[in-house]
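Visitor: Hi there! Please walk me through this one, starting wherever you like.

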Amino acid sequence: MNKSAMIRARVDPNLKEEVEDVFEQLGLSATQAITLFYQQVKLNRGLPFDVRIPNAVTLRTFAETDADENIVPCENAQDLFARLGI
């Protein structure tokens, strides 16, 4: 297949650098990663991940944690699971 279509997008330079570092660790070029994303959109007939608008509880939780409120510190994952009763 002839790869001749061009995609141009403006992104935050720091985001671009961080993401391209991840691509490098995965052994992908930006072109390969974009092609992979497009293939997944095609196969899923939509975005290959959930995109949701946060509900009221989630928004309140974000606000509280940003304000350092209602945070329960845990020593480790086992402590977290014990507090959750899991």
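**Loops, pocket and overall form**

Visitor: Is Asn70 buried or exposed?

Guide: Asn70 counts as exposed, with a relative accessibility of 61%. The cut-offs are over 50% for exposed and under 20% for buried, with partly exposed in between (1.4 Å probe, protein chains only).

Visitor: What should I know about where these values come from?

Guide: This is a predicted model, so local features need pLDDT of at least 70 and side-chain atom pairs count only at pLDDT 80 or more, while totals for chains, interfaces and linings use all residues. Residues are numbered from 1 along each chain as its sequence is written, and side-chain values use heavy atoms, leaving out hydrogens and water.

Visitor: Thanks. Where is Asn70 found, and what is its phi?

Guide: Asn70 sits in the loop between H3 and H4. Its phi is positive, about 55 degrees, although Asn70 is not a glycine.

Visitor: What radius of gyration does the protein have?

Guide: The protein has 20 Å, whereas a compact globule of 86 residues would have one near 12 Å. That is taken over C-alpha atoms, and the globule rule is 2.2 Å times the number of residues to the power 0.38. The C-alpha trace spans about 55 × 30 × 30 Å along its principal axes, and buried residues make up 2% of the 86.

Visitor: Let's switch to pockets. How much space lies in the largest pocket?

Guide: About 1000 Å³. On a 1 Å grid over the protein atoms alone, a pocket is an open set of points where a 1.4 Å probe fits, with protein on both sides within 12 Å along at least five of seven lines; lining residues have an atom within 4 Å of a point. Points are joined across faces, edges and corners, and the volume is the space filled by probe spheres set on them.

Visitor: Which residues are closest to the centre of that pocket?

Guide: Of the 26 lining residues, Ile7, Ala30, Thr31, Ile34 and Thr35 are the closest to the centre. Helix H1 (13-26) and helix H2 (30-44) are the elements that give two or more residues to the lining, and H2 provides the largest share, 10 residues.

Visitor: Tell me a bit about Thr31, please.

Guide: Thr31 lies in helix H2 and is exposed, with a relative accessible area of 51%. From Thr31 to Ile7 is 24 residues in sequence and 9.6 Å in space, C-alpha to C-alpha.

Visitor: Last topic, then: is Asp79 buried or exposed?

Guide: Asp79, in helix H4, is buried at a relative accessible area of 19%. Not counting residues up to four places away in sequence, Asp79 touches Pro73 and Cys74, where contact means heavy atoms within 4.5 Å.

Visitor: And what comes just after H4?

Guide: Gly85, which takes a positive phi of about 75 degrees.

Conventions:
Helices (H or I, at least four residues) and strands (E, at least two) are DSSP runs, numbered from the N terminus.
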